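This report describes one protein model in plain terms. Please look over the sequence and the structure before reading on.

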Amino acid sequence: MNLTLRIWREKNANAPGRFVTYQTREITHDMCFLEMLDIVNEDLTRRGEEPIAYDSDCREGICGTCGLVINGRPHGPAPATTVCQLHMRFFKDGDTITIEPWRA
């Protein structure tokens with residue numbers, strides 16, 4: 001799948017944040033959302049850019065530290081599913097996905 005990602009980025013808590021757009025290629029439907037972000041980070045690192053920071057721990061759907069807001073919904077489009085258990089099959093080739101941190 002080829003996707004457009006709009007990801008909230010900010011240098012630190014005192015810096016203003018903004019959405020940055022990234023293009024992904026060769027994402028498979030069987031990947032979980034965090035695996036997709038790992039691939040994006042590998043590409044960013046190869047290009048000398050700052051990788052996307054996000055919390056993850058168990059990747060088994062138990063701990064809940066992988067909380068993101070995806071397209072305006074906590075954890076994304078699958079009900080009762082953590083981000084690490086959210087598979088890319090919930091998205092379509094060509095989709096634009098907006099990714100934000102939880103906001104207090």
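## The largest pocket

About 480 Å³ of space lies in the largest pocket of this predicted model. A pocket here is an open set of points on a 1 Å grid over the protein atoms alone, where a 1.4 Å probe fits, with protein on both sides within 12 Å along at least five of seven lines; lining residues have an atom within 4 Å of a point. Grid points are joined across faces, edges and corners, and the volume is the space filled by probe spheres set on the points.

The lining has 19 residues, and the closest to the pocket centre are Trp8, Arg9, Ile52, Ala53 and Tyr54. By type, the lining residues divide into eleven nonpolar, two polar and six charged. In that count Ala, Val, Leu, Ile, Met, Phe, Trp, Tyr, Cys and Pro are nonpolar, Asp, Glu, Lys and Arg are charged, and the others, Gly among them, are polar. Strands S1 and S5 each supply at least two residues of the lining.

## Basis of the model

The model is predicted: local features need pLDDT of at least 70, side-chain atom pairs count only at pLDDT 80 or more, and totals for chains, interfaces and linings use all residues. Residues are numbered from 1 along each chain as its sequence is written, and side-chain values use heavy atoms, with hydrogens and water left out.

## The sheet and the helix

Five strands form an open sheet with mixed pairing, in the order S2-S1-S5-S3-S4. Strand S2 (18-24) and strand S4 (73-74) stand at the edges with a single partner strand each, so one side of each has no neighbour in the sheet. Helices (H or I, at least four residues) and strands (E, at least two) are DSSP runs numbered from the N terminus, and two strands pair if DSSP finds at least two bridges between them.

Strand S1 (residues 3-9) runs antiparallel to S2, and seven bridges join the two. Ile7 has Val20 in S2 as its bridge partner, and Thr4 has Gln23. With S5, S1 pairs in the parallel sense over four bridges; Arg6 stands opposite Thr98 there. Five of the seven residues of S1 are buried, meaning under 20% relative accessible area, where exposed is over 50% and partly exposed is in between (1.4 Å probe, protein chains only).

Helix H1 (residues 33-46) lies across S1, S2, strand S3 (68-70) and strand S5 (96-101), at about 80° to S1. Axes are lines fitted to C-alpha atoms, for helices over the stretch in contact, and angles run from 0 to 180 degrees between N-to-C directions.

Glu100 lies in strand S5 and is buried, with a relative accessible area of 19%. Beyond its neighbours within four places in sequence, Glu100 is in contact (heavy atoms within 4.5 Å) with Trp8, Phe19, Leu68 and Val69. Pro101 is also found in S5 and counts as partly exposed at 32% relative accessibility. With neighbours within four places left aside, Pro101 is in contact with Trp8 and Val69.

Tyr54 is found in the loop between H1 and S3. Not counting residues up to four places away, Tyr54 touches Leu34, Leu37, Asp38, Asn41, Arg59 and Leu68. Tyr54 and Leu68 are 14 residues apart in sequence, and their C-alpha atoms are 8.2 Å apart.
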